[in-house]
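Dear colleague,

Please find the structure below, followed by a short account of what was found in it.

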Amino acid sequence: MQPVVLVTGASSGIGSALCKRLLREDAGVRLCLACRSMQKAAATKAVLLAAHPAAQVTLVRLDVSSLESVLRAASEIQRRFQRLDYLFLNAGIMPNTHISFKALISGLFSGKAVHMLSTAEGLITQEDCITADGLQAVFETNLFGHFILGLYSSVVCPGLVMTNLTYGILPSFFWKLLMPIMWIIRFFTKTYTLTPYNGAEAQVWLFKQKPESLDALMKYHSCTSPMGKNYVESRKVDVEEETAEIFYQKLLELEKHVLARLNAPLSPK
Ligand SMILES: NC(=O)c1ccc[n+]([C@@H]2O[C@H](COP(=O)([O-])OP(=O)(O)OC[C@H]3O[C@@H](n4cnc5c(N)ncnc54)[C@H](OP(=O)(O)O)[C@@H]3O)[C@@H](O)[C@H]2O)c1
């Protein structure tokens with residue numbers, strides 16, 4: 001039986017590049033694209049089938065910023081597939097982002113320039129909004145909508161990748177102007193993966209690992225060398241275990257609360 005692989009947010013950027021790379025690794029996988037826009041999902045499917053005409057690609061409507069949609073999609077997935085072997089929780093947003101040029105200029109002349117450029121720490125601010133479920137949109141989309149599926153997952157970081165997400169921070173022409181500088185920065189930091197193909201390296205690497213060999217306290221980073229070679233680096237997650245445990249308990253409480261409101265059963269943990 002061929003493995004079933006589900007990718008959330010497969011309609012663009014890293015998710016779509018990941019689907020292409022997974023089919024290249026194993027053209028027999030049964031891919032399920034879980035997207036909020038069926039039109040975009042169908043376009044991605046067409047691109048995948050153009051390269052792999054025999055590929056098995058199905059679509060499921062999933063809006064991770066709506067708990068109702070997540071629960072509906074979960075039961076549809078359960079109904080349609082007898083198994084689920086790999087799940088890539090890739091959908092995410094970074095709404096209304098602003099870059100602080102003041103912080104950029106002062107950071108460039110501080111001792112922390114490389115750290116600032118590789119993590120964007122202190123450089124970017126976002127204006128979040130509230131979803132129909134009454135939760136912060138970034139929290140619900142990037143984390144909680146996936147959490148209530150009742151899953152444990154490995155954490156990956158794709159690095160800095162040019163996608164719709166980064167084009168939301170600065171217009172694409174601006175990024176193109178910055179490209180020569182970013183290639184130079186690659187000599188100092190390996191996290192400038194820049195293309196969705198490179199950014200999907202850690203996910204493709206995870207696809208080939210045995211789950212029992214993975215460490216839940218590690219974050220797997222997609223990295224690209226100055227010469228363009230892709231590799232994966234694991235680093236300890238930068239959170240105290242005690243803080244992580246408190247956060248996890250809060251997530252469980254919130255899950256119980258929202259599922260009771262929606263009259264839905266608790267997912268097994
Ligand atoms: N690009 C980077 O430098 C970078 C850095 C660190 C982490 N990441 C993470 O990488 C992941 C992929 O991002 P990307 O860079 O590939 O950006 P992207 O091109 O904007 O892709 C994001 C994907 O998530 C989907 N999505 C957004 N909100 C959703 C929702 N409510 N329900 C279902 N799908 C939703 C989008 O669907 P639509 O096509 O309908 O918008 C799109 O397919 C995200 O989790 C992001 O946080 C990216």
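The ligand is surrounded by 28 residues, and the closest are Gly9, Gly13, Gly92, Thr163 and Leu165; a residue counts as near if its C-beta atom, placed from the backbone, lies within 6 Å of the molecule. The model is predicted: local features need pLDDT of at least 70, side-chain atom pairs count only at pLDDT 80 or more, and totals for chains, interfaces and linings use all residues. Residues are numbered from 1 along each chain as its sequence is written.

Helices H1 (13-25), H6 (137-147) and H7 (164-167) each contribute at least two residues to this shell. Helices (H or I, at least four residues) and strands (E, at least two) are DSSP runs, numbered from the N terminus.

Helix H8 (residues 172-185) has 14 residues and should span 20 Å at 1.5 Å a residue, which agrees with the 18 Å between its end C-alpha atoms; the expected span is 1.5 Å times one less than the number of residues. The count of buried residues in H8 is zero, where buried means 20 or more other C-beta atoms within 10 Å of the residue's own, exposed means 12 or fewer, and partly exposed lies in between, with C-beta atoms placed from the backbone.

Asn96, in the loop between strands E4 (86-88) and E5 (97-99), has a positive phi near 45°. Asn96 counts as exposed because it has 12 C-beta neighbours inside 10 Å. Ala120, in the loop between helix H5 (113-119) and strand E6 (124-126), has a positive phi of about 65°.

With kind regards
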